Amino acid sequence: MNRLRSLFCAVALVPAVAFAQATRVPSPSEHLGFTVGADRTLADWGQITGYFQRLAAVSPAVHVDTLGPTTSGQPFIVVAVSTPANIARLAEFRTAQAKLADPRRLTPDEERRLVASQPSVIFISNNIHGSEIGGSQMAMELAYRLATNDTLQRYLDREIVLVAPSMNPDGQRMITEWYRKNLGTKWEGGPLPWLYHPYVGHDNNRDWFMVTQKETRLVTDYLYGVWFPEIFYDVHQMGSEGARIFVPPLVDPVNPNLDPMIVRGIAHVGAEMALALEERGKSGVANSVIYDLWWHGGARSTPTRHNMVGVITEAASVRIATPIVQDTSKLRGHARGLPKYERRINFPNPWPGGTWRLRDIIDYELVAAEALVRLASEQREDYVRNFVAMGRRAIATGAKEAPYAFVIPAGQGDAGAVERLVDVLRVGRVEVGQSRASFSAGGKTFAAGSYVVRLDQPYRAHAKDLLEVQRFPKMEQWPGGPPERPYDVAGWTLPLQMGVTIMPIDQPLTVDAPLVTDASPRVRCVTRAAAALGAPAVRDTRQYGCLTRVPRVGLYKSWTASMDEGWTRWVMDDFKLPYVSLGDSAVRAGSLRKRFDVIVIPDLSLREVRDGMSDAQVPPPYAGGLGAEGIAALKRFAEDGGHLVLVDGATELAAEALGIDVKLVTAGGGGGSRNAAADAEQIYAPGSILRVAVDPAHPVGKGMAESSAIYFVNSTSLDLPAGSKARVIARYPSQPDSILLSGFLQGASKLAGKVAAADVPLGSGRVTMFGFRPLYRGQSYGTFKMFFNALLEPGTSGPVQ
Ligand SMILES: [Zn+2]
């Protein structure tokens, strides 16, 4: 695996070595005045960016790019480290990377020259999850070592390393502040009672095709518009009781759109990391557990649909920066690959237990990152050549294999959703054409203005994976055993989620469809005309007036950091719908009807709403939830003529706290119980698209197709008793086989015929129950209108103008 290693003894790079000796470059610890990774010590975002600015000022081996401001206005930086000679030529290398990424732009001469000379480019992504903070500290040491260590500098003669110290600077800052504030108290190292990103918390790592958040957009533009790295490495942390670090390879299933060379490349990097960790005496390294190569939307999965090797590691966590003592008897294996904590082929050297510290995380991550740096240098030529080969193969496959293209026909229902889908594809650097005249393809005729996504393009895998239906393969855990279940989302098909009709074209096509190049950002709002039609949508505000007077909406915000709450805020902000965030004390204070027409409870369980977190977990101001008093205030609000909108898990309130006669049908087949056979009977779908029949005559169903798609995340559906006063808005088909549209669904027969959404009078007001998430992660445009209808439609709430 290191066939080039011996060559390096002969390579003498005098300038880099001389530079390291001659220049006084401060180490992170010297600059900060404390040891990086010391117990109970964290550098915050200001200190981290300060260090990198100083490093770049004194070291010609380092260059800092500020990509832009984050959601709350912090600088988002990426640090380039190479040899001083390479750093002086970054612009030239970037131009060449763009050509390698799109082989249609490469002449044979250029290709020969670049394969022989172009440095490899790797991107190291740290701390995307705010609480997984080790990487943000490690990044400073990594950059310092790369810039000053002679061996590493020699590798960088053939390589450019791009390091994002934090993919989520707002979260880095929040976690650091919270941790420092609670140092020395019983809450030291405990959870943050709000999301560690202004909108989406942990879900920032599920935003990588939809690209709704600022940080995702900055990095997406940098990866696929500026730098085109061959390898993307995402540095994460996991739970504390298993392996000390997970490295690739990952587990089945492999998404069929991944080039085989991606799968091999990921395993190659993982093997190099594992070997380096063993060489350095780091025990507890596992591969081939938990993490699969199926789902799309993660920071590491989107690069793999752009011909880049996307790898992940997951180090065992501590309590932020507080050491933990891990009892040997409490160490466990991981589901899918390592059920017991014992020696196996993928875990030959278990960690024995003991004290585990932030510094250990940093040390493991440094070894893994430097192993990757060495590999990408020694195998530079292979990675450059493979990158070109994969782009070329994508283009060739799209030209000779069905589907040859997808057409988004002009003139269909929700023009706003069509525009948004085209935007999403284009932000991911998928080429989208628009036909000048009507044309025929695959035996159908399409009107002028239809969009055409040809698949003979370098990022075919990304386009195809977003537009086609996912069928999570049937795999048994053992012969005759229960099914293997997805560990993250199983289906994401955007046309289904967004309510957009597309047509796959199964014959080669010729069409005059110049590529869409318009880059003007669209302003979204809910329009008067659209709301009256029951089809609130993306609109250009220059053409349509936005609604200005809307019902007074309160959005419940718990101290349990609900991601659905964050997404709801994001969608409402994006569509310029005003609302007030309502905390526990504001709800408990009562008199809600005077202030609000509608109150939305996002996807939270009754326990989360009522009890919140305990004062053992968080300090008293954040502990406790709504309590009985707050629940009673919500009930009174509806009885006084208000409109309560309960989303997914929050339907528990209806059944158990508001006295509404409804039975809940919950998912539960996640394999958690000891009875595998009983588990396999349960509903389980951790992220799939399901079919429902919608009543378009219902105010909430207005503008929906009678057969529509909803997003289901082990959601809570409804069983209404005979004689119920509730009115059904959407219901699952009675045929189990026709429920699943994309992804994976276990226990379909338990869902057949059940109610997906309904509303019911309560006193002189009403309660709308969504047994799914209509604003799912900012993706499910097809059901946004149901949510907007619930807020805006006369007859379901206050006045609309
Ligand atoms: Zn993570």
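Me: Which strands pair with each other here, and in what sense do strand S13 and strand S17 run?
Reply: Two strands pair if DSSP finds at least two bridges between them, and strands (E, at least two residues) and helices (H or I, at least four) are DSSP runs numbered from the N terminus. Here strand S13 (residues 405-408) and strand S17 (residues 451-454) pair in the antiparallel sense over four bridges, with Phe406 standing opposite Val453 in S17. This is a predicted model, in which local features need pLDDT of at least 70 and side-chain atom pairs count only at pLDDT 80 or more, while totals for chains, interfaces and linings use all residues. Residues are numbered from 1 along each chain as its sequence is written, and side-chain values use heavy atoms, with hydrogens and water left out.

Me: What is the order of the open sheet of four strands?
Reply: The order is S14-S17-S13-S18, with antiparallel pairing, and the edge strands, S14 (433-434) and S18 (503-505), each pair on one side only.

Me: Which protein atoms hold the zinc ion, and how should I read their arrangement?
Reply: Donors are N, O and S atoms within 2.8 Å of the metal (3.2 Å for Na, K and Ca), and since water is not among the atoms, sites may look incomplete. The protein donors of the zinc ion are His129 (ND1), Glu132 (OE), Glu132 (OE) and His236 (ND1), lying 2.1 to 2.5 Å from it. Four donors count as tetrahedral if all angles lie between 85 and 135 degrees; four count as square planar and six as octahedral if opposite donors are over 155 degrees apart and all others between 65 and 115; anything else is irregular. The four donor atoms here subtend angles of 57 to 152 degrees, so the arrangement is irregular.

Me: Where in the chain do Glu132 and His236 lie?
Reply: Glu132 lies in the loop between strand S3 (120-126) and helix H7 (134-148), whereas His236 lies in strand S5 (residues 231-238), so the pair ties together parts that are 104 residues apart in sequence. Buried means under 20% relative accessible area, exposed over 50%, and partly exposed in between (1.4 Å probe, protein chains only); Glu132, at 10%, counts as buried, and His236 is buried at 2%.
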